[in-house]
Amino acid sequence: MGTSFGRGGATDFPGDLVNSDVIVIQGSNMAECHPVAFRWVMQARERGATVIHVDPRFTRTSAVANLHVPIRAGSDIVFLGGIIRHILETEQYFREYVVTYTNAAAIITEDFRDTEELEGFFSGWDEKKGQYNTRTWMYEGVNPEPAGGARESEAGKKAESIQRQPIQAEKTDPTLQHPRCVFQILKRHYARYTPEMVEEACGISKELFLRVADTLCKNSGRERTGAFVYAVGWTQHSTGVQFIRAAAIVQSLLGNMGRPGGGILALRGHASIQGSTDIPTLYNILPGYLPMPKAQHDVDLETYLKLNESPSGWWGEYRKYFISLMKAWFGEAATEENDWCYDYLPTLTGDHSHMNTVVDMVDGSVKGYFVMGENPSVGSMNGALQRKGLRALDWLVVRDFQVTETADFWRDAPEVVRGEVKPEEIPTEVFFFPAAAHTEKDGSFTNTQRLLQWHHKAIEPKGDTRSELDFIFKLGQRLKNLYRNEYDQPRNWPIRDLTWDYPTEGILNEPSAEAVLHEINGYTVADGKPVEGFTSLKDDGSTACGCWIYSGAYRNGENQAARRKPHWEQNWVAPEWGWAWPHNRRVLYNRASADPDGRPWSERKKLVWWDAQKQRWEGYDIPDFIVERPPSYRPSREARGKDTISGVDPFVMQADGKAWIFAPTGLQDGPLPTHYEPQESVMPNPLYPQQCNPERMEWLRKDNPYHQPFDDPRFPYLLTTYRLTEHHTAGGMSRWLSWLSELQPEMFCEVSPELAMERNLKNGGWATIRTMRGEIEARVLVTERIRPLRMRGRIFHQIGLPYHWSTKGLVRGDAANDLIGFVADPNVAIQESKAFTAMIEPGRLSKAHYKLKKLPSREKDRDLPRAQNKPETKHGYKAFEAKEGNV
Amino acid sequence: MAAQKGFFTDTTLCIGCKACEVACKQWNQLPDDGFLFTGMSYDNTVHLGASTWRHVAFVERPVPMKPGNDGAFSWLFSSDVCKHCARAGCLESCPTGAIIRTEYGSVYVQPDVCNGCGYCIVNCPFGVIDRREEDGRAWKCTLCYDRLRADMQPACAKSCPTESIQFGEIAELRERAEKRVEKLHEQGLNSAYLYGANAAQQPGTEGLNAFFLLVDKPEMYNLPPNPTVPTKPAKAAWGSMAVGVLGLALAAIGSALLGGRERAS
C-alpha cells in the first residue's frame, strides 16, 4: 500500500464500508477476526451492497456474505490478475480517474522487460546477487523515490550515484496508447490471466469468476464505489505484498481510491498493531516511517537526509521531521553543531527482522531477548526453531498476563516433554514480569483505520503488575543510573542525553501517558507549547516532535484521542471521535473523491470538494491535500518539495502525486504483481517456468527443512492456518479464561468429508498432521465448509488449522505453527503461513518419531538456474515497514 | 408497572461470534460448562443450562440460503436464550414462589427462595432452566434484571455487534420484526418467519417475550415446533375435572335430594 499510494495505512475507516456498493473480503475472515468492525459490512449488506468473500474456507464471513468464492490458498494473484484483465478487456476502467490520478499514462524505460518475455522474471535480475536491480523499471528519464516500501532497494550503493529529480509531466501519454506506457504494459502483463487460467490455478469456475468481476465493475464509477478488505490472509505469503499491490491496481483502475465506500482496508491483527508500526517496534524504521540509518552509506547526517528526502512530493519535508525527532529524544544536547546528535542513533548493519533474529539466537549472536505482548513459541512459525533460539540465550525477559509458553519454554515445551531436551541443560535465565491490562493503565490504541483512541485507567494494577510504559520508563531510569559514573565516555552519551523526564503520578508513581502524547505530538522548544500539526514543524531545532505523523494528536494541549462525541451528534465521518493520523483525515487521498476540477464525481459519492468562493478544499472529511491549492495549480519545472504537488495529484506522498499501477521503484520483487507458487505447493506454476518468487527470503538450514516445491508424495495436501473468534492469537489472553476456553476447548483441524473418507478420519476423532518441521495432533472436524477443489482434472484437498493452542492454560493442544517453516516475502519479511503442504493421518501422535522417507531435494524445480545463487540467510536491507499487514 | 421488555433475535443478522455468550457469563459471573470438544460445527457449549444462559447454535445445512444462490450449502447461527414465555411453565409449577414475573414481564428465579425441587425443569417446554449440581438451585437468564433496574440493556444485546439481538419493548419489537420479515420476503428469502412472536403463533406458550426470526424449521435450531407449557393443558384438565367434580356433586346432591324426596314420599 505504501508503494502504491504513499502511506502504509488502511486508506479508509470501517464505518465507511456502509457506503460501499460492493465489498470484496479476500485474505480476511472479517466476521470472525474483526466482528465489531464487521457490523458495518452487515449494515452495507442490509442497504443493498453485495458482499463477496473469497477464501479457501467457508467461514462465518462466508455464511453471511452474498457470495462465497472458494479459492486455492496462495493463488490470489491469478484471481486478481484475472480481474485486472477483465477490467481492461471489457473497458470498464474509470478512464478519467485513471488518466489523471494514476500513473497509467507514464512511459517506462526502453530497457524494461516483462515477465512474459523472461520466463517469469522482470528485467534487471542479478544472477550473482540473486536480486533485482530495479533501474530498468524506472519512468523514462526520471528516478522518482518510493514513498513507502523498500526505500533501500539499492542498499550499499554509494550515495552520489543516486540521482534525484522530480518527475517530468511530458513523459506521459494521456491517450494510453504508447506501447511503453504503464497501461499497455499492464495489458500485456495480464493478457494470460484469463478466466480459464483462473479456473485452472485457483479452482474457481469461469462463471463464478466472471460474476465477481462483473459485480465489481458494475459497482464502480462515478455513482458507485467498491471496497477491498484484507488481513493476514494476504500478507502471510512469500508474495504477500504483491497480493495487496494487485488489489491496489484493481482499485486504481476502477477509480475507487479516496472515495466514500471505496479504498482498501487493511485489517490489523490486534489492538494497536497499526500503532506498533507508526511508532515502531520494528528494527528498520524510526517513528513516523523515517528509515533507520544504515551503517554502509548513511555516514553522516547530510548524507542520510539527502538519501531520504525526495525533491518532489511530501518527503521533501523529511528534514523537519527528522530534526524535530532528534530534539524530542535528545533535547538541549541536540544542536546544529553536533548534527542534532545524529551519531547517537544506532545504525543498521543488516537485516534484523524477526526470523533472522531467531536464527541469530540459534547461531549465538543474539544473547538477550525482550518479549512483550507476544508468545513466539506458539504464535510464530517453526516453533521448534523459535525455542531452539530461546535455549541459546543468556537471558530472556517476558512480560505478559500469564506465564506463557515462551516464558516456560524450558519446562514444558514439546521437545522437553519428549525428553529430547533437558531443562537442567538450558542456560537461559528467564525473567517474568506480570503485565497490567488495558483497564489498569492510561494510554492509546491505534487501530486499523489509523485512529487513536484513548483509554483511561479504571483501576490500579494489582500486585506486581505494571504497564509497559512504567516498565520501560523505569528501565531507562535504571540504565541512566548504571551509566552515571561513566558519562565521560562518548559511547554513553546517548544514554546521558536522552530526555527521560516524564512527570510521574499516582500511588505507583507511574509516568504520565499524556506527557508522552505531548512529546509525540510535538512542541515548540522555547515554551513547550504543543504544535498544531506536522506543518508547524521546523528544521532549525526550534520544534521537537516524537512522531511527525501523530502531530496534532495533542493540539491545543487537548488530548484529541480522548474525544468521544457520539456519531449522532456529528456527520457520518465522525471526525470528533478520537483522532486519526495524518491530521485527523479519515479517508486517505480524499482529493480523489472530486474530479480534476474539484467537483465531486457524483452527489451520491460526495466527500471533499474545491470551494471556489472560499478558495479552499472543503468537505465532510478533512481534506487530505494542501487546503488552499486550487485544482488548476500546476508546478513549475523549478518547483521542489510540496510545491511539486499539482492540483490534480491526490496521492501527495508519492513523488509524482499519482497512484502507482506500476511501481517503478520501492519493491524488491517486481513492478507488477506476478503469480508465483508458494514455497511448498501442490502444482507447478501454471503461468511461468519460474516456480516461486525469485526474491523470496529462504533460510536453507537443517533446522528449517523445506518440502519439494510441488507434488511431494510425502506431503500431498495444502494446509492453511487461521484464527477463531473465540481465541486471541497465540492464546495468552484467552486460553486462561474459562468463558472463552469453553467455546473452543481443543486444537482441531478442519477437513472435507471427501478428505476424511480418503484418509479415514472420523469427526470428533484424532488426526496427526506432519511436515518436515514438526508433527502435531488435533481433533478432527469434518465439515462441508471445506471443499475439495478441482483443477487440471485433479482433486486438491485443503486442510484448515487454527493456531491458538499450546502446552499451557485451561485448554491445551498442539501448536499449528510448529509445522511451518521460515520463508518470507522479500519486501517486508513476513512469513508464509497461509499456504504450505503437509500430510494428515488418522489417530493420535505416536511417541516414536516418525521416520520420513528421504527424497532428493528438488530445489531446482523451485527456481530457474538464474535464480539459484541466492544468498542463503543474509538478505540485505529489507523494507520500510516490516510488520503484519502494513504494506 | 414498567413496559414489557424482551428480545427479538434476528438470526439472519447473527455472525456467530458468541459475544452474547461471553458477555452474559461475564456480567452474571457464571462458571464454565466444562471444556469439551463436541465435533458439532463450532458449537462446544451445546445447549442452554444452569450456567449457559445464552447459547449460539451452529447449523450446517446442505441447502443454499436463498433458492438460486451458488453452492448447495449454508451455515446458520442463532443465539438462543430463555423465552420468558407469556405462560411460563417454570413459574406456574414453582411450589415455593421462587419464580416470579417481574415488572418488565420477565420471568425471574429468586435464588434466595429457590429450594432446588426441580419442578420448573420438567415444566419448561424448551429445556432452558436447569439446576446447578454444586448448589442444587435452579438457574436461568434473568433478562439482566439488575441491569434493567439501572436503566441498562441486557449484556448480550449490548455486546451484539450486528444487532442480531435486539432488546426493547415487546410491542415495538413485534412491529419491527414483522417489517423485517416482509423485507426479507421482498429480497427473496421466503423462508423467513417469526417464531413465538405472539399467542396466535404459539398458543402453547401464549407467545414469547424473547422471540426469534428463523429461516428453517424450529427443529433445525433445536427449538420445539409446537411448545406447550405443561401447566396449560393441566389447567384445562383441572377445569374439566372441576366440571366433572361439579357434575358429580350435582348428581350427588340431586340424588340425595331425590333420595330424600323418595324417602320423604
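In chain A, strands β13, β14 and β19 form an open three-stranded sheet in the order β13-β14-β19, with antiparallel pairing. The model is predicted.

- Four bridges join β13(A) to β14(A) (residues 451-455) in the antiparallel sense.
- Phe445(A) has Gln453(A), in β14(A), as its bridge partner.

**Helix α22 of chain A**
- Helix α22(A) spans residues 513-521 and is largely enclosed by the rest of the structure, because seven of its nine residues are buried.
- The buried residues of α22(A) are Ala513(A), Glu514(A), Leu517(A), His518(A), Glu519(A), Ile520(A) and Asn521(A).
- The cover over these buried residues includes strand β13 (443-446) of chain A, along with α14 (318-330), α20 (468-483) and β17 (523-524) of chain A.

**Contact between chains A and B**
- On the chain B side, 29 residues are in contact with 34 residues of chain A.
- Both α1 (19-28) and β3 (74-81) of chain B supply at least two residues each to the side of chain B that touches chain A.
- The most is given by α1(B), with five residues on that side.
- By class, the side of chain B that touches chain A comprises 12 nonpolar, 10 polar and seven charged residues.

How values were computed. Residues are numbered from 1 along each chain as its sequence is written. Chains are lettered from A and ligands numbered from 1 in the order in which they are written. This is a predicted model: local features need pLDDT of at least 70, side-chain atom pairs count only at pLDDT 80 or more; totals for chains, interfaces and linings use all residues. A residue is buried if 20 or more other C-beta atoms lie within 10 Å of its own, exposed if 12 or fewer, and partly exposed in between; C-beta atoms are placed from the backbone. Two residues are in contact if their C-beta atoms, placed from the backbone, lie within 7 Å. Ala, Val, Leu, Ile, Met, Phe, Trp, Tyr, Cys and Pro count as nonpolar, Asp, Glu, Lys and Arg as charged, and the others, Gly among them, as polar. Two strands pair if DSSP finds at least two bridges between them.
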